[in-house]
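Subject: Structure handover

Hello,

Here is the structure I said I would pass on. Please open it alongside this message and follow the residue numbers as you read.

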Amino acid sequence: MREIKCPNCGEVFVVDESGYAQIVQQIRDKEFEKEVQRREKDFMDKKESDLKLARMEQKEAHDKELSAKEAELSEKDRVIEKLKAQISGNETEKKLAVSEAVQEIEKEMAKKAAEITELKSRLSNKETENQLKEKSLREQYEDKLKLKDEQIEYYKDFKAKQSTKMVGESLERHCLNQFNSLRMTAFPEAYFEKDNDAHTGSKGDFIFRESKDGVEFISIMFEMKNEMEETAAKHKNEDFFKELDKDRREKKCEYAVLVSLLEIDNELYNNGIVDVSYRYEKMYVIRPQFFIPIITLLRNAALNSLKYRQELEIARHQQVDILHFEENMNAFKEGFARNYRIASERFKKAVEEIDKTILHLQKTKEALLSSENNLRLANNKADDLSIKKLTKNAPAVKEMFDGLK
């Protein structure tokens, strides 16, 4: 139970717990509502106050902005009036300035027009140049295409003739006929015959050789390869490189040439003379129409070196004579004393000089003259030895000694 005292009359009431709780709740709700209403009123009052302040600040800012705009407009009006006065007072000057500006613009436009004209001219020239280049490239391509078509027609015609004659005139016969048609005019002293020497187990088709004044300056081993279109197992040119190189070496030929109609669609072999020396030394692959040109090219190149070949051949014979002389010297030099060994060294020096070049003969002569005294002493110790014996197999050295006498 609970007692509640009235604040006005002082009377005391007794209520149970339930009633007391209800009374407390009523008081709380009433107080809470009052508090809410108070705070709501305070919020509204503050809101109203903030709105009034914001309106005042906004109005003040607006007034300032309006005042600034009015001042700006007033300044613009003043400037406009001033400009109007200037324009009115300086009309002639204005016209002159406009005229000068127009003239300047016209000059600039004329300059631009000239530049445009020049650019158009350059562009036109460039276009003409490009057209010429394009035409040139087109003509080159057409020429190559025409050449290729001619080659194809040549091969087809050649194959057709073979088919018609059942392989009648072979590629070998074709090349031989080409060479014989020019033999007496272009190669009157040349050797061009079938290679019939098979003692080593294989042989080429043809050998070309040519000499001048007894010195061979060009030699070529030829191999001809062709096959019918209907042949099932197609060969490649490189299948024959190794055997051709072997034949070239065995027959002591300088060059090897494969005349081939194999791999008819291979661009590498259709472009002309193909140098395959990256695989085998001094070897070429050609189509039949380059048969005479390859001989001419290699022959002309060899002719340029003929002089050196002849000099080399002379030097080689002299070297043989010197070797014979050296052999005779070695037969008795062990019995010589110190003086002869000195002479021997002089002779060796002379031999080395002779091996290098004939131009050193003067130097060799001096070395031989300086050894004369030692040779005399050595000769006294070798009564059974004579210059005649030493030079019996060396006529070139004998001539040398005759010259010294």
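The model is predicted. The protein chain has 12 helices and eight strands. Of its 405 residues, 25% are buried. The chain exposes about 29100 Å², and carbon and sulfur atoms supply 54% of that area. Among contacts between residues at least 6 apart in sequence, 59% join residues at least 24 apart.

Six strands make up an open sheet, in the order 3-4-5-6-8-7, with mixed pairing. Strand 3 and strand 7 (274-275) are at the edges with a single partner strand each, so one side of each has no neighbour in the sheet.

If you step across from strand 3, the pairing goes as follows. Strand 3 (residues 191-194) pairs with strand 4 in the antiparallel sense, over four bridges. Strand 4 and strand 5 are also antiparallel, with seven bridges. These two strands form a hairpin with two residues between them, where D213 has a positive phi near 55 degrees. Strand 5 and strand 6 pair in the parallel sense over six bridges, and K225 has S260 in strand 6 as its bridge partner.

Helix 3 packs on the sheet, where it touches strand 3, strand 4, strand 5 and strand 6. The direction of helix 3 makes about 155 degrees with that of strand 3.

Helix 4

Which residues of helix 4 are buried? In this helix (residues 241-250), they are F241, L244, D245, D247 and R248. Viewed down the helix axis, the buried residues fall within an arc of 160 degrees, so they line one face of helix 4. An α-helix has 3.6 residues a turn, so residues three or four places apart point the same way.

The buried residues of helix 4 pack against strand 5 (215-225), strand 6 (255-260), helix 5 (267-270) and strand 8 (283-286). Helix 4 lies across strand 5, strand 6 and strand 8, and runs at about 140 degrees to strand 6. After helix 4 comes K252, with a positive phi near 55 degrees.

The cores

The largest nonpolar core has 28 residues, and those with the most contacts inside it are F208, F222, V257, V259 and F291. Two or more residues each come from helix 3 (171-186), strand 4 (206-212), strand 5, strand 6, strand 8 and helix 6 (291-304). Apart from this core lies another, of 12 residues, including C253, V276, M283 and V285.

R299

R299 is in helix 6. Is R299 buried or exposed? Its relative accessibility is 16%, and buried means under 20%, so R299 counts as buried. With residues up to four places away in sequence left out, R299 touches A186, F187, F208, E210, F217 and I218. The C-alpha atoms of R299 and E210 are separated by 8.4 Å, although these residues are 89 apart along the chain.

Regards

Conventions:
Residues are numbered from 1 along each chain as its sequence is written. This is a predicted model: local features need pLDDT of at least 70, side-chain atom pairs count only at pLDDT 80 or more; totals for chains, interfaces and linings use all residues. Side-chain values use heavy atoms; hydrogens and water are left out. Buried means under 20% relative accessible area, exposed over 50%, partly exposed in between (1.4 Å probe, protein chains only). The arc is that of the directions from the helix axis to the C-beta atoms. Contact means heavy atoms within 4.5 Å. A nonpolar core is a set of buried Ala, Val, Leu, Ile, Met, Phe, Trp, Tyr and Cys residues joined through side-chain atoms within 4.5 Å. Two strands pair if DSSP finds at least two bridges between them. Accessible areas come from the Shrake-Rupley method with a 1.4 Å probe; for residues, only the protein chains shown count as cover. Axes are lines fitted to C-alpha atoms, for helices over the stretch in contact, and angles run from 0 to 180 degrees between N-to-C directions.
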